[in-house]
Amino acid sequence: MIKRPPATTAATPSLLGSSASVDASNRRSSVPHIIDRSGNNTHAHPRSRRSSASDISKDAGFALPITDVTKKIVGVVYEVKALNDTVKMVSVLMEDHQGYAPGSLVRVWVEQDPELTKKVLAHLNIKENMIVDTRRYNKLNPFLGEVTIASSAFAKVLNLNGRVTRNFLQSLREYVKGWDVKTVEAMIGIMDEKKVSMVVETGTIASLLCSLPTLEITVDEFMEICPKLHPRYYSVASSMENDPRLVSFVAKKIEGKAGFVGTASGYFERSHIGSQICFQFATLALKCPSPSQAVVMVCTSSAIGPFRSFLRYTLNKMKLGVLTKPENWHLFCGCRVEKDTLFADELRYLEQVGLLKSLNLCYSGEEVNGRPKEHVQDRLRSEAKILLGAIRSSDGVLMIAGPKRLAVEVREVVVGHLFVGQERMEPQDASDLHDGLIETGRICVEAWN
């Protein structure tokens, strides 16, 4: 039976291993990190930083607390490699080299499609080479200068490819006339009826603008009311031990109705060798574990980035004799079909050489090697002894990377299946224990909406 940890101490319970406290270096935050990678939500969630792990629910979300942000880096694209039909690995050559920790966060400032920017400027009767004062937007994009031309300002500051919001429509109403006023008011009415701040059916900001012939607005007025671009976040999938000048990350293509392609997706689609890219490094929830720890890594598809970084870093250090081989590392990775598996050969090699004690590839869309269709949480249930072993270990850790729903589902496995079902704990005790494991850094979550 697993007991809940004492409420007055950060020590791990005795039946989870030793009663010694978990090293503070393993702790990034007491709150699971839920990231909006689209960049649309950058405001802090009103909940306290001390919110419990039970707040990982389908209705909860947390803005990412970025820490240890590095100086600005301007690099050039060294390689864009398609890993499957929807995922690319982008490798960037850093002009101003600096180190980074395995699994760090890459904070990328993407830009709008130049053709889309040109189309919007033409509709607004704004000259592409008009000089624009961008000082007020330097906090949004630190790579902006004090002034720039309109085409550059629109591409780097404005979210023209974003969804239409109610606030934007309300502001826009002042700059249209006649029938266009009724069009804008009707869209606001639809949002009010559905009680939403935006609806997909309204299309993008650019498509809306080009459907309003009476729109008259200055460049400064439009830049003031238009939703802004925010940086996109990607986990490092490389190890600087391979080449200290290169950093690689995985980017998934986001597509929607009527040929819609996400802003970041389009940005990387247009990227080629030699393209300039502006980014920073930052610290996230996940950090590379010690080979002596019992580790369970859980992810889906492109979220494998930080774990690949950990594995490559550890393998390189093993070859140099700096680190010993991990004895109890396990990876659970869920994909829809086998062809979607990223770095499959590399992962199998790592299992073959013993760096991974077990590699668990799960496919929800097809049967593979005689195994039925299963989600990653299904495999976790069937391999509950691995999870329990890590939790019982004195410094074992469960790491989760993927969409928010994965964090919710893994929590249900840990609390419901493992603690309540197998360890016969009371539901509230099981929930409190899960919260305590997050508080002490024994469960680390990097998830996004």
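Let's call a residue buried when its relative accessible area is under 20% (exposed is over 50%, partly exposed lies in between; 1.4 Å probe, protein chains only). This is a predicted model, where local features need pLDDT of at least 70 and side-chain atom pairs count only at pLDDT 80 or more, while totals for chains, interfaces and linings use all residues. Residues are numbered from 1 along each chain as its sequence is written, and side-chain values use heavy atoms, with hydrogens and water left out.

Start with the open sheet: six antiparallel strands in the order E7-E4-E9-E2-E3-E8. Strands here are DSSP E runs of at least two residues, helices H or I runs of at least four, numbered from the N terminus; two strands pair if DSSP finds at least two bridges between them. The edges are E7 (232-235) and E8 (246-252), each pairing on one side only. E7 meets E4 (residues 105-109) over four antiparallel bridges, with Val106 standing opposite Tyr234 in E7.

Now look at helix H7 (residues 263-270), which lies across E2, E3, E4, E7, E8 and E9. Six of its eight residues are buried, namely Thr263, Ala264, Ser265, Gly266, Tyr267 and Phe268. Those buried residues pack against E2, E3, E4, E7, E8 and E9, contact being heavy atoms within 4.5 Å.

Tyr267 turns up again at the second largest pocket, where Glu111, Gln112, Pro114, Tyr267 and Arg270 are the closest to the centre among 20 lining residues. A pocket is an open set of points on a 1 Å grid over the protein atoms alone, where a 1.4 Å probe fits, with protein on both sides within 12 Å along at least five of seven lines; lining residues have an atom within 4 Å of a point. H1 (114-123), H2 (150-157), H7 and E9 each give two or more residues to this lining.

Key. Axes are lines fitted to C-alpha atoms, for helices over the stretch in contact, and angles run from 0 to 180 degrees between N-to-C directions.
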